[in-house]
Structure formats: C-alpha cells, structure tokens
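Subject: Structure handover

Hello,

Here is the structure for your set.

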Amino acid sequence: MTLFALSAILAMQPLPQTAPTVPPPAPIGPLPTARQLAWKDLEFTGFIHFGPNTFTGVEWGHGGEPAEVFNPTALDARQWVKVMKDAGMKGVVITAKHHDGFCNWPTKLSTHSVASSPWKGGKGDVLRELSDACREGGLKFGVYLSPWDRNNPKYGTGEEYNEYFRAQLREVLTSYGPVFEVWFDGACGEGPNGKRQVYDFPSFRAVVRELQPDAVIFSDVGPDIRWVGNEQGWAGETNWSMLKAEGHGIGDDNPPPTKSLTEGDEHGESWIPAEADVSIRPGWFYHADQDDKVKTPAQLFDLWERSVGHNANFHLNFPVDRRGLIHENDAAAVLGLRKMIDATYGEGTDLARGGTTAGDNMRGYVSKGAHEKPEPLAYGTDRAVDGDAKTYWATEDGTKAAMIEVELDATKPFDRVVLAEPTWLGQRVRKFRISVPATPDNNHRDWTVIAEGTTIGHKRIVRVPETKAKYLRVEILDARACPCLTTLAVHKTKVPG
Ligand code: FUL
C-alpha cells in the first residue's frame, strides 16, 4: 500500500466526529517540572574540575595541601566559555569546592581558599571570573559543592558541619547571579579528624530551593537529576526518566541499583532524568601525562549519541590545566565533536523533514470522504516531521500501538533514525520497531525490520544499518498511554571535511 493508498483508507474509515478543537492527550505521571524540562532541553553541558589537585597531580586531595600550591599563571575563564560555547554546550558546572575542602571563591567561612593563595595576590575569585564570563558569553552557570570536606575541622561533627555547609551554599548561591544546576557529590569519606559526617541533604536542598528556585539539583537520586550510574558518559538503550528513589540514599548510603540509574524505571514514582558525566581525559583533574590521552572526536561522538541519543544529558568534563586554561588538545577534540554533530545532524541533514507522512491513527481525524483534500491536523503525522519540537503526532486515547510512515529522498542512504516524545505529557513508549520496504518497487506489502527498540523519551537516536529506501515506517508496539511523537528524523553519519 502506498502512503496515498493508506491515506485513502484512513479517509474512508467511519471515524467519529470530534469537536473543532481537539484536546491534547491526558498526561500520564509522573511528570517533569518546568525546571526539569528546561534543563533537559540543554542536552549538552560542560563540567570543570579545578583546584589544588590541578597543581599536586592527584584526583582526591587529602585536605592538608597548603593554599600556596594554587597558582594558575594565565587563568582565563573567557577561554573556557568560548571553547564550551563553540562546542555547543549550554551551561557549565564548576567545582566550587572538591573533597579537599579548598574553596575556589574567597569564602568568609574558612581560610582554606583562593584568598590564601598567591594567585592574584589573594584577590582572585574563580567563581566570579567564570560567572562573569558565562553572563557575557551566554552560558548558564552551575556549581559543584562537595559535602565531603577533608580540610574543615567541623567535618564529622554532625549538625555543626551541616550548618557550615549550608552557609557555604548560601555564599555561592547568592554571590554570582542565577545558578542553573547544583551538583551534590555523594562521596562521604573521613575528615581531618578521621570522622565521617552524616549529611543533612533535605536541609541542603531547602537552601537551594529558597535561593535558586530555578536550579536543578543533581545527586544519585535527584531530586531533579540523577547520576547515570557510571562515569563513562553513556546511558542505557532503555532509559526511563522515572526512578524508584524512595528508600534510596546518596553515595554509599543505600544507593539505588546501578541498573536503575542507567535505565531508569518504568514504575518509578519520581521523574528524575539521567545526566551522563564523563571526563574528556582519564582523570577529572589535570595531569600533564594525560595530554595525549584526550578522547578523540569519534569517541566523544559515540558517547554523545549514547547519552543525548539515549534520553540523558551529556555532561563533559574539562580538567583545566595549570595555566588556568582548557588545554589545546581538549579544545581541539571537543570542537571536532561539534563538527561531527553538525555534519550528521545539522541544518539541512534530516532526510525526513517535510516529507509526506501517513499513519493508522491520528488524534481528532475526521473523514470528509475518500476524495477529501487533507487539512492540517493539530496532531497529524506531519507534525513529527515539521522540525518543531513543540508540535507532535498524537493518537486517540486508549491506543497502545500505532504506526507512522514517511516518504524519504530515495537517492540518499541513511544510518540514523531520531525519535522524540513530548515528555511534558509523561514518558510513554515501551517498544518500537523501524522498517523499510523489502522490495525496490516499494510495494508497501513487504517490509524489512531494520531496528527494534524500547524507550524514546526526550531524544532517541537509533543506529540502523546503512540503508537506502524511499519510505520508512515506525511502529510503536507498546506504550503506557496513547503514543505521541514530536520527532521522526532520518540522518546519514558524515565525516566532516
Ligand atoms: C566523583 C568524585 O569523587 C570525583 O572526584 C569527581 O568529582 C566526580 C565527578 O564525582 O564522585
């Protein structure tokens, strides 16, 4: 059957009359908050690890390092922002304080900070330089503040340290303008006196909500964003934005099973989407002997597709070097990644965009006879190929399976199919299948399955074998509620020239 024959059959179906304005599908919970939706749209963000470890060459400082070791020779936060902006990142999170307790801002609460270092004669403030550069360059600014503090004598005392930590949070959340993300590491080791601390996370979160209500809070179990369960930068092919967070803690304190962090949980009671973090080098902090171990653009592209393309955000770390710059090798690699993304997914690369579509179920479709001239439908199949992430193809309530077809430019091969759901209505799709006509005459009777998959969510990039076809069919085989798609796109990977 051709697309047009299919449309004609649809047109002949005695579908019920509907009101002129068709209501959207009812959302199915749990649902994202506005701040979670805004964060998800960022897709690709930067991470900066910088502090005494940069100068001592370790990953975890013991907290006894003298502040004198911190002395970048040419720190330029504008260079960091330029690299990240050029790479297409939308925000950056910096280690305001790592486990060694050294503060990258001149805190009034401790002497273990940039104020005691030789850098800029003790007058420097890394958070100020970065937040100013972010404002100028149009990048969102976020902070990592490690609760584990191997320097502060209050660590391990209980409420006294928790109060210190909340006061630090207040400083960083009130001094540098809007903060889009607050990153709570779960590590909880011993402090300078050998004691461990019991963190009061509910009270830490309350400070963030009070001072930066639009900021998302990251930890193993959210509340807004979850860790993806590995530090390699990829999410599961199955990846629900829901998580069973109840009863689980942060760090070593009864964490959720790794699989549920990597794949989420269809039955999770909370909407907590995944952030996939990884460093562009083996270490989070700078080590000169890793200058030749920077991930290649092709490796980064693979991770980008397996994070952003698996319904997670990609959070890529740069270990700023001893000069206070993103190293040339790291900058070249991430700009190489950008070129690869643009060559494959950039403007004008979608072979399905604006193509003729059909489907076996369209919400609010009313037949006016076999020879009708189709009118644009609020939830027609064409909404999935219009390039607008806010419009979507939707099906009638009660539907669990539905099919959409698109006519492609037959002359070009492809190897990627991109699908996306309107996640503000909840994540729905459990299972899908992608096919192309089995015969060169496109008889529309025989189809070859080229891929099968599970979840979709905000964005699902499906790697399919290189295929040349005139038509593409996506069958949603199972869903939690009537299927909807904002995007059906088709691309061919290209090595940039
Ligand atoms: C981990 C930390 O222990 C590492 O040093 C690094 O900061 C990474 C992002 O999170 O838990």
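Predicted model: local features only at pLDDT ≥ 70, side-chain atom pairs only at ≥ 80, totals over all residues.

Ligand site

Which residues are around the ligand? They are Phe47, His49, Trp60, His98, His99, Tyr144, Trp183, Asp185, Glu231, Asp277 and Trp284. By class, this shell holds five nonpolar, three polar and three charged residues.

- His49: a polar atom of the side chain is 2.7 Å from an oxygen atom of the ligand.
- His98: an N or O atom of the side chain is 2.9 Å from an oxygen atom of the ligand.
- Asp185: an N or O atom of the side chain is 2.7 Å from an oxygen atom of the ligand.

On its own, the ligand has 300 Å² of accessible area, and the protein covers 89% of that.

Aromatic pairs

Over the whole structure, the search gives 29 aromatic pairs. One of them is Phe201 with Phe204: the ring centres are 5.4 Å apart and the planes stand at 75 degrees, over the 60 degrees required, so the pair counts as edge-to-face. Both residues belong to helix H7 (residues 201–211), where they are three residues apart, about one turn of the helix. Phe201 has a relative accessible area of 9% and is therefore buried. Phe204 is buried too, at 0% relative accessibility.

A second example is Trp304 with Tyr345. Their ring centres are 5.5 Å apart with the planes at 50 degrees, so this pair is tilted. It links distant parts of the chain: Trp304 is in helix H9 (residues 297–307) and Tyr345 in helix H10 (residues 328–345), 41 residues apart. Both Trp304 and Tyr345 are buried.

Phe201 and Phe204 also belong to one aromatic cluster, together with Tyr155, Tyr161, Tyr164, Phe165, Phe184 and Tyr199.

Cysteines

How many disulfides does a search of the whole structure find? The count is zero. Cys103 is in no disulfide, and the cysteine sulfur nearest to it, that of Cys188, is 18 Å away. Cys103 is buried because its relative accessibility is 0%, under the 20% limit. Cys484 is in no disulfide either: the nearest cysteine sulfur belongs to Cys482 and is 4.7 Å away, whereas a disulfide needs the two sulfur atoms within 2.5 Å. With a relative accessible area of 1%, Cys484 is also buried.

Two single residues

Asn230 sits in the loop between strand E6 (225–227) and strand E7 (242–243). Is Asn230 buried or exposed? Its relative accessibility is 8%, so it counts as buried. A polar atom of the Asn230 side chain lies 2.9 Å from the backbone oxygen of Trp234.

Ile225 lies in strand E6 and is buried, with a relative accessible area of 0%. For a distance across the model, take the C-alpha atoms of Ile225 and Asn361: they are separated by 34 Å, and the two residues are 136 residues apart along the chain.

Regards

Definitions and conventions: Residues numbered from 1 in each chain as written. Heavy atoms only, no water. Helix = DSSP H or I, 4+ residues; strand = E, 2+ residues; numbered from the N terminus. Buried < 20%, exposed > 50% of the residue type's maximum accessible area, 1.4 Å probe, protein only. Polar contact = N/O pair within 3.5 Å; in protein donor to acceptor, adjacent residues only side chain to side chain. Near = heavy atom within 4 Å. Areas by Shrake-Rupley, 256 points an atom, 1.4 Å probe, with all protein chains shown as cover. Nonpolar A, V, L, I, M, F, W, Y, C, P; charged D, E, K, R; others polar. Phe/Tyr/Trp six-rings, centres within 6.5 Å; stacked < 30°, edge-to-face > 60°.
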